[in-house]
Structures are given as C-alpha cells and as structure tokens.
Amino acid sequence: MRVEVIVLFVYFIGMISMGLYWNRRAKNSEDYMLGGRSMGPLVTALTLQTTAMSGFMFMGGPSEAYAMGYFAIFYAVGDAGGGLINITVLGRRMRRLSQLLDAISPIEYLEKRYESVPVKVIACIIAVFGLSCYVLGQFLATGKTLVTLFGFPLEVGLVVGVAVILFYTFVGGYFAVAWTDVIQGFIMIGSLIAIFILVMIDMGWFVGLNEKLAAIDPTLLSVWGKDNMYEGGYGVIAGAVLIYLVGYMGLPHSVNKHMAMGSPKVAKTSVVYATIWTQLFCFIPYFLGLAGLVIFTAEPAGLINGDTELVIPSLAAKEFPGVLSGIMLTAIMSAIMSTVAALMLLIATVVSIDFYKRWLRPNASDKSVVFVSKASIVIVGIIGVIIAILNPPGIFSLIVDTFSFMGCAFLPSYVCAVWWKKANATGSIASMIAGGGVAQVWAQADLAGATGFHQFFAGLIASVAAMIIFSNFGKPTSPEMCDLVERAKGKKIAVSKNVQTASSKHLSTENKAITQFVFSKKYALAD
C-alpha cells in the first residue's frame, strides 16, 4: 500500500474518532448545533477561517491563477481581510443579539430580528439552495483529491470521502466540527507553507517566477488578466476584492460561528488569531497556481490528468516524497472536510429548526430535533453525491457563483440587523431578492466582461440599495426590537439625572410601602 494512502487513512480514522468522542458532549439541540455557545477565541477563529477557505483555496483558486495570471491575486487581497472584517463588524453584536432573541439558527435569527415569517421563508429557500450548491463544490473537490491519491473513478472517491465527512458531522455535531477545524487548520497552513517554500526556491522566488511567466505570456503579469481580458474593468476588480473582503458576512455558515462563541468578548481575541491565519494562508495557493503554470507548461505530463484544478496535488507529488505528499493531500482534505461539515450542519439546522420545529412540530423534543438534523445530513449528502457524479461543474465557477449569490442576498440583512434599527422586514426581503437575483443573472448571462462589473459587485449594489429604499416602507421596527438592538451594542445606556432622581423617588415610595406591609403585626415573624 502506498505511503500516501496510509497517511490519509490514519487521518480519516482520527476524524471519525473525534466525532465519536464529541458525541458524548452533545446533550441537547443547542449543543449539537452551536456547541452550547461555549467556543473560545482560538476555536472560533480557526473554525471560521477553515470553514471559509474550503477546497476552493486548494483547487479553485490555484486553477484561476493558472488560467488568468496575477489578476487572480485580487481574490486573495480581499480574502486576507475578510476574517478581520467579519468578526469586527458582526462578532460581538451578533453574538449578543442572537442570545437575546434565543435564536439557534442564522435563519431563525433573521426571522426574529425582522419580526417576519416571510423573511424566514425566503431566507430558508435561498440558504438551502445556496448551501447545497456550495456542498456540491466541496464534494467535487473531495472526489478529485481521492482520485489523485488512489487512482480510482470519481464516483468511488466521492462516496468514500463524503462518507467520512458525514459520519463525524452526523455523530459529533458542532463540537466535532469545531475541534476538527482547529486540527485541520494547523495541517492546512503547515503543509501550504512547506510546499510554497520548496516551489519558490525552484522558481528563484518572485523575480524568477515573474521572468518565467513573462516568457510564457507577458499579459499574465497584468492586473487585467491574461490577454487583458478585463482591461478597464474596475468594477470587475472591485468585485474580485469585495467578494471575500465583505462577502463572508452574508454566508449563513460563516455568521453562524459568531452565535456559537462562548461570550461576546471572544470576538476581540478571535480577530487576532483570524488575521494572522489569513495573512499566512490566503496568498500562497494563488502563487502556487502561478508557479504550477510555469512548471507544467515545461512538463505537461506532471499535471495530473491535465486538470488545472489539481495543480497543488501535482506540485505535492513532484516536490515531496511519500509521507509528506500524503500530508499535503491530507491538508487538502482538511480544507474540504472543514467546510463540508459546517455546511452540512447548517443545512441540518435550517431543516430541523426553521422547517421542522417552527412549522411542523412546534413542541418537538430536543431528541426529535437532533434526529431530523441527522437525517437531513444524510439525505443532502446522498443527493449531492448523485449530482456531482451525473453533472460535475467546475469548482471555481461553482463556488464563486454560489458565494456571490448568498453573499449578495444576505449581507445587508445580517449587517443591518445589528447596525441599523430602521432596517425592517420589507427592506430585508427586497434586499435578499434583489441581491441574489442580480448576482445570479449576472453569472448566468456572463455579463462581467461586457459591463465591467463583477457579479458580486453588481449584486451587492442592488442588495444594499434595496435595503435602504424599501426599509422606508412596510411595518417599522418595533420599539422592543430597537431596544434589543441597542442592548446588543454592549454599551451602558446613559440615563439623565432627572430620570434617575424620579426613579429613586418612585422606588423609595414603593420600598417604604413594602417594608410597612412585611413588618406589620399580621405578617411579622414571631421571635
């Protein structure tokens, strides 16, 4: 048996063991879906970032750099600041407000904040569709990784990889997902840095890399992409940066991490961990894609199956001997599994909390809610594998399209929920429909080149505009909800001296009456 196979087999056994271990900690539905809201800063930061990065960073990102040259780095620029923006803008406030609203699911959170069932219905539809497409992209990455390792058909790779992911998610819930993310995060960053150093030494570092790219095609060094495809398209560049800089705030499986923090204070320390991790991680896959273009243009046979999405596995096979190559492939599986587990768990949460308990059985027990969650994990997994086998799309385009769709649909609703009291149900509904719709139309009609606007940038403009305009119509935010939003800020509310004096006089009168009543002869305690 190949050494790489043994390494990955040991890794799979470790992930399954984690699921079994944490299964004992999940006592109720909140434990299973949010880890009992007990996650510390390191776990919060790494589960947030590893969930966000996914197999896209090991396959889709390098493939885009291979095809488009330095233009692809714009995606990394936004990604490097995405974790910082996400935690800073939403972290503490969303953690407080979600607990004040007693919301477990990020969709339930939107319903309660905007005090509207239609908000929940539309959000559920968008979330289930978007998350399922995202899962499909990760399933494809799983299958390709195992095909690289074992050499057997994609169908077998999909079934084996997905089975392991489903098992530890099914058994352990959020505890297993969060703690495996921590382990996977260290595997991912360590492996990437190691292969990056070796490859860049071969390239002669950046000077050598740029000279070799220019020899292949000078436009690969252009910010406008190969053959200057997007020349003058500042809206395309803006979208490429913004999609990951602010887009994470619109992804239910990312904002869900804020709700699981042990306390709002965790967000402050998490920012530090998340920022360090992203600076080390985000740029490397794209540079490896550029280096792969140089290496495999000269040695085409070295690129596995001639598939540009397998640039990093191909580099790992070239640069590392058996054990290290296995660890590199394990890192790719780590990125994929961390994201799939979070996505599957969130889909399960939406189905069990937002559909099952909210409408079908309002008095459902925790045991039945967890059962429905686990059943939905299995069902979505089976459907995803079938679609991936029958009609596999490209990983980069699928993830970017899905990211844009969900990010544009949800971003204003999540951000305005804690930052703008005037934001109401009408604005939220209009924002979700306009943002998701425009992003989807832009992608399907391939309008980026013709208009000079990236699909995310176009969708975001439509979404924000709809939130601002339509929040002026419909039922305004209730005074009670405004008060909760104010409390979610975590600041002490200033009370004027006149109010304090009036309150003191009122309480003094009440206190005197209660004292006289308690110590009257009829109610006084005998000696």
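**Salt bridges and a surface patch**

At 11% relative accessibility, Glu108 counts as buried (under 20% relative accessible area is buried, over 50% exposed, and in between partly exposed, with a 1.4 Å probe and protein chains only). Welcome to a predicted model, where local features need pLDDT of at least 70, side-chain atom pairs count only at pLDDT 80 or more, and totals for chains, interfaces and linings use all residues. Residues are numbered from 1 along each chain as its sequence is written, and side-chain values use heavy atoms, leaving out hydrogens and water.

**Salt bridges**

- The whole structure holds 4 salt bridges (a side-chain nitrogen of Lys or Arg within 4 Å of a carboxyl oxygen of Asp or Glu).
- Glu108 pairs with Lys112, their closest N and O atoms being 3.2 Å apart.
- These two residues sit 4 residues apart in helix α6 (residues 106–114), so about one helical turn separates them.
- Lys112 is partly exposed, at 27% relative accessible area.
- Lys120 and Glu111 form another salt bridge, with closest N and O atoms 3.2 Å apart, and both residues are buried.
- Lys421 meets Glu486 at 2.6 Å, N to O.
- This pair links distant parts of the chain, 65 residues apart: Lys421 is in the loop between α17 (395–419) and α18 (425–444), and Glu486 is in helix α21 (residues 479–488).
- A network of salt bridges links Lys421, Glu486 and Lys489.

**Nonpolar patch**

- Val117, Val121, Ile125, Phe355, Trp359 and Leu360 make a nonpolar surface patch with about 530 Å² of accessible area together.
- Leu360 lies in helix α15 and is exposed, at 65% relative accessible area.

Note on methods:
Patches are made of residues with over 30% relative accessible area and no salt bridge: like charges are joined within 9 Å, nonpolar side chains (Val, Leu, Ile, Met, Phe, Trp, Tyr) within 5 Å. Accessible areas come from the Shrake-Rupley method with a 1.4 Å probe; for residues, only the protein chains shown count as cover.
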